[in-house]
Amino acid sequence: MPSPRPRDLSPAQLGFVRQRPVAWLNPGLLAGTAVRVMLAHLFGGYLDKRELQAALPDREFDHSAGDELWFDYTADVGDGFDATYTVAYLLAQRRLAVEPADKGTGDDDGGGSDDGGSDDGDGPLELPRGEILILGGDQVYPTASSPAYKSRWKGPYRAALPEPADDGPTLYALPGNHDWYDGLTAFLRLFAQREPVGGWRTEQARSYFALALPHGWWLLAVDIQLSAYIDEPQLDYFRKVAQSLGPQNRVILMPAQPTWVKTHESPDAYDSLDYFIRTVVEPTGARIPLLLAGDLHHYARYAGEGPGGRRRQLVTCGGGGAYLVGTDHLPGRTTVPPQQTITRGRSTPRSYELAAAYPARRASRRIGWGIFARLPRINPGFAGLVGLMQTLLMLAFVTSPGRWITPATVAGVAAVFAGTLLFAMVLGTRSRRHWIAGVAHALPHVGLGLAGAAAWSALPLDDLPNPWSTLLAFVVYLPVIGVVDAWLVGAYLLIARYADVNVNELYAGLGIDDHKSFLRLHIDRDGALTLYPVTVETVARSWRADPSGPPDAPWIVPDQPVPTRLAEPPVVVDGPRVAAG
């Protein structure tokens, strides 16, 4: 018996509460994130449930029967309703009309769609819904819990495809760092119990999985917990899967993070993935034409020559719902494994060129300038926090006339330096440039405190007794200086991104939920794999319930159609199946 369709968008009718996007720079969330990251680094091993998963079924999943297969990939999905549901709604459509890529689409600072791209003409492409939906990580923000999953992911995805159907998609999910913050407890309850989510069927029993696909293709989703290591039960699982691999097979390797673009900051970031490739896949003779990950909230494709002289693509597609992260900080070339790694027995380093990016790097720089308008508006608590810091610093200077060094001024300046250092070293990064950025960032804040003290002292407040003068500072000075200091932070973020410092914080402060992306992939009858990077320039924000629709139609529909376009022409990842060699 189908579930009754909601008559309106109230929580009582939908069964979940539509969520606003997470305000990542608000003080409570900043503090909570810092604590969670610290606990994850200190005690992540104690929360690790992967070794316990050895007691769960260890089978691979066979989707190889057909002559061809369409399947979808999206990641970083569970944030605000508008962006998350826009992507879910599009993924649930039986057919999707997608406009071809704009001419010249790609990385407009060099590179381009240079390797096997194909253009199907000037008209829209009709792409059928994937038989499989793969979630690449971070299915919920800011932290994993059953209530958070319900409102930020499960509710929207069920509303997009509410009832099971004979041809309904099968869903598989790989955890990201936000899914890991509770040790995978909520993740395993939701995705590993074989309970459907509306019309999406779930099959997996562990946090990692292997899918057999047509024409000898395989997809291996590897759970590298918080970038730490690959546990032995997981290695045993994939070694067992590898017994079915040979030179005739091709592998899509799917970690949760694109470590190939993180090696410049952490040379060992790629080590676990390289170890997996060297010890599990390469001994079988199977090739890996495609590495695919989310985590960074954009689309980017690197292309280069892999082992054996065959083309390999390194693709990031984390545009499933979370705030946009631009591509302007991405290197034009990446080498993996990096020359700096000290791991013995590493693979031969190979270079890959940035072939396409969405949004393009030049467009990302333009988007970044919106930080001055959006930071105080999207994160009012942050403006309040820095306003409070500046007000206390100003009062410390004002109440110490003629003396620069007093306990109050020293404490105030020390607090500023501590705050800017902590901000620059978010997520535990401690490189030299982060230290320099943190110290340099503090100086203009102290200067602003001195300027504010001079301006406040010039006001005719001598006849105003305490505590009224102090109260006036908090009522009048604090909101004004909070916005000014937030602009100062915005200016710092715009400059710091050129040193690859606080790039994520720049875009978290912008809080842009447009510019979404997901992948539709096709293995054709000849065994060729083609990648279609679908983008949504502007997410829908006006919705209505559809109480009279058929059982498997979305509960919620947009008031206006949602246009989609390819980020670049379709990319032939690997051509028709040929004999090994």
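A residue is described as buried when its relative accessible area is under 20%, as exposed when it is over 50%, and as partly exposed in between, with a 1.4 Å probe and protein chains only. Helices (H or I, at least four residues) and strands (E, at least two) are DSSP runs, numbered from the N terminus. The model is predicted, so that local features need pLDDT of at least 70 and side-chain atom pairs count only at pLDDT 80 or more, while totals for chains, interfaces and linings use all residues. Residues are numbered from 1 along each chain as its sequence is written, and side-chain values use heavy atoms, with hydrogens and water left out.

Strand S16 (residues 516–523) is largely enclosed by the rest of the structure, because eight of its eight residues are buried. Lys 516, Phe 518, Arg 520 and His 522 point one way from S16, whereas Ser 517, Leu 519, Leu 521 and Ile 523 point the other way. In a regular strand the side chains alternate between the two faces of the sheet.

Two strands are taken to pair if DSSP finds at least two bridges between them. S16 pairs in the antiparallel sense with strand S2 (residues 69–74) over five bridges, and Asp 72 stands opposite Arg 520 of S16. Strand S17 (residues 529–536) also runs antiparallel to S16, to which it is joined by eight bridges, with Thr 535 of S17 as the bridge partner of Ser 517. Five residues lie between S16 and S17 in the hairpin that they form, and Gly 527 in the turn has a positive phi of about 95°.

Helix H8 (residues 271–281) is likewise largely enclosed by the rest of the structure, since eight of its 11 residues are buried, including Phe 276, Ile 277, Val 280 and Val 281.
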